[in-house]
Amino acid sequence: MASPGLLTAQSVRIKQARRLATRAFRRKTGRFLVEGPQAVREALEHRELVLEVYAEPDVATRHRDLRDLASAADVPWYDVNRAAVEALSETVTSQGVVAVCQLVDVPLDQAVPRTASLVAVGVQVRDPGNAGTLIRTADAAGADAVVLSAESVDPHNPKAVRASVGSLFHLPIAVEADVVTAAKTWREQGLQVLAADGYGSSDLDECIEDGTLAKPTVWLFGNEAHGLPDGFDAIVDRSVKVPIYGRAESLNLATAAAVCLYASARAQRARASS
């Protein structure tokens with residue numbers, strides 16, 4: 001459906017949508033913003049999540065598939081002027097299209113069923129770019145779910161959504177989780193819980209060689225500056241460090257997550273094919 005005329009930055013709809021930049025309003029309304037052609041395309045592939053699309057007129061020409069997907073899903077499509085789309089954008093140069101979607105997070109027990117074999121958990125992750133990259137990396141590694149603990153950034157934050165590059169729509173995500181309580185449940189379900197820790201007592205190479213990583217696994221990744229909180233050693237099966245072969249002091253959260261998740265994915269796939 002199309003709306004007559006161009007909506008401006010002063011339009012009531014645009015003003016309301018702008019408020020979705022805040023976490024409180026996202027939670028109150030159950031909605032968030034998705035920006036850019038690729039992310040909007042991914043959202044429209046899950047048509048039940050998309051409530052409306054705001055786009056500059058030339059977007060329908062340059063990205064005709066977006067307009068077709070919206071039309072097929074009966075999603076309202078509103079033509080807006082440049083000022084309006086920039087008001088909804090958090091990038092320096094807007095890509096001209098923004099969708100309003102329903103929040104994608106699900107309850108923890110739904111995100112991590114008994115059949116799960118690989119799960120990424122962010123514990124007190126504060127940077128939205130890191131949260132989005134963790135989701136993207138987990139998706140690429142074939143993980144079953146991503147869990148973000150209480151005190152972590154909202155994955156619906158515009159910067160996190162952008163960093164996930166559409167992966168937000170590909171796998172279950174649970175938020176505000178009590179990881180200490182959840183770890184007990186996961187272990188009862190047969191999942192081992194491993195903590196990525198630069199000072200861990202085990203080495204990732206050792207865990208590959210001794211078969212540890214071939215088992216169903218939940219990986220915990222801590223805060224960017226402080227790692228995992230004190231006391232987490234008591235709730236995990238092993239604390240694992242990524243070996244540093246060069247002179248770098250450490251790896252950042254996103255890189256460590258990529259190394260660990262891919263190591264587990266490879267080990268699990270090798271076991272499944274043997």
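Val119 stands opposite Ala145 in strand 6. This is a predicted model, in which local features need pLDDT of at least 70, side-chain atom pairs count only at pLDDT 80 or more, and totals for chains, interfaces and linings use all residues. Residues are numbered from 1 along each chain as its sequence is written, and side-chain values use heavy atoms, with hydrogens and water left out.

Start with the strands. Strand 5 (residues 118–122) and strand 6 (residues 145–149) run parallel and are joined by four bridges. Strands here are DSSP runs of E with at least two residues, helices are runs of H or I with at least four, and both are numbered from the N terminus. Two strands pair if DSSP finds at least two bridges between them. In general, strands of a sheet pair through backbone hydrogen bonds, either parallel or antiparallel.

Now widen the view. Seven strands form an open sheet in the order 7-6-5-10-8-11-9, with parallel pairing. Strand 7 (173–177) and strand 9 (202–203) are the edge strands, each pairing on one side only.

Helix 12 (residues 253–273) lies across strand 5, strand 8 (192–196) and strand 10 (217–221). The helix runs at about 170° to strand 10. Such angles run from 0 to 180 degrees between N-to-C directions, with axes fitted to C-alpha atoms, for helices over the stretch in contact.

Ala265 lies in helix 12. Ala265 counts as buried because its relative accessibility is 8%. Buried means under 20% relative accessible area, exposed over 50%, and partly exposed in between (1.4 Å probe, protein chains only). Beyond its neighbours within four places in sequence, Ala265 is in contact (heavy atoms within 4.5 Å) with Leu118 and Ala141. The C-alpha atoms of Ala265 and Ala87 are separated by 41 Å, and these residues are 178 residues apart along the chain.

Next, turn to a loop. Ser94 lies between helix 6 (82–88) and strand 4 (97–102). At 7% relative accessibility, Ser94 also counts as buried. Its side chain reaches the backbone nitrogen of Gly96 at 3.1 Å. That is a polar contact: a pair of N or O atoms within 3.5 Å; within protein, one must be able to donate a hydrogen and the other to accept it, and residues adjacent in sequence count only if both atoms are side-chain atoms. Leaving aside neighbours within four places in sequence, Ser94 is in contact with Glu35, Arg82, Val85, Glu86 and Ser89.
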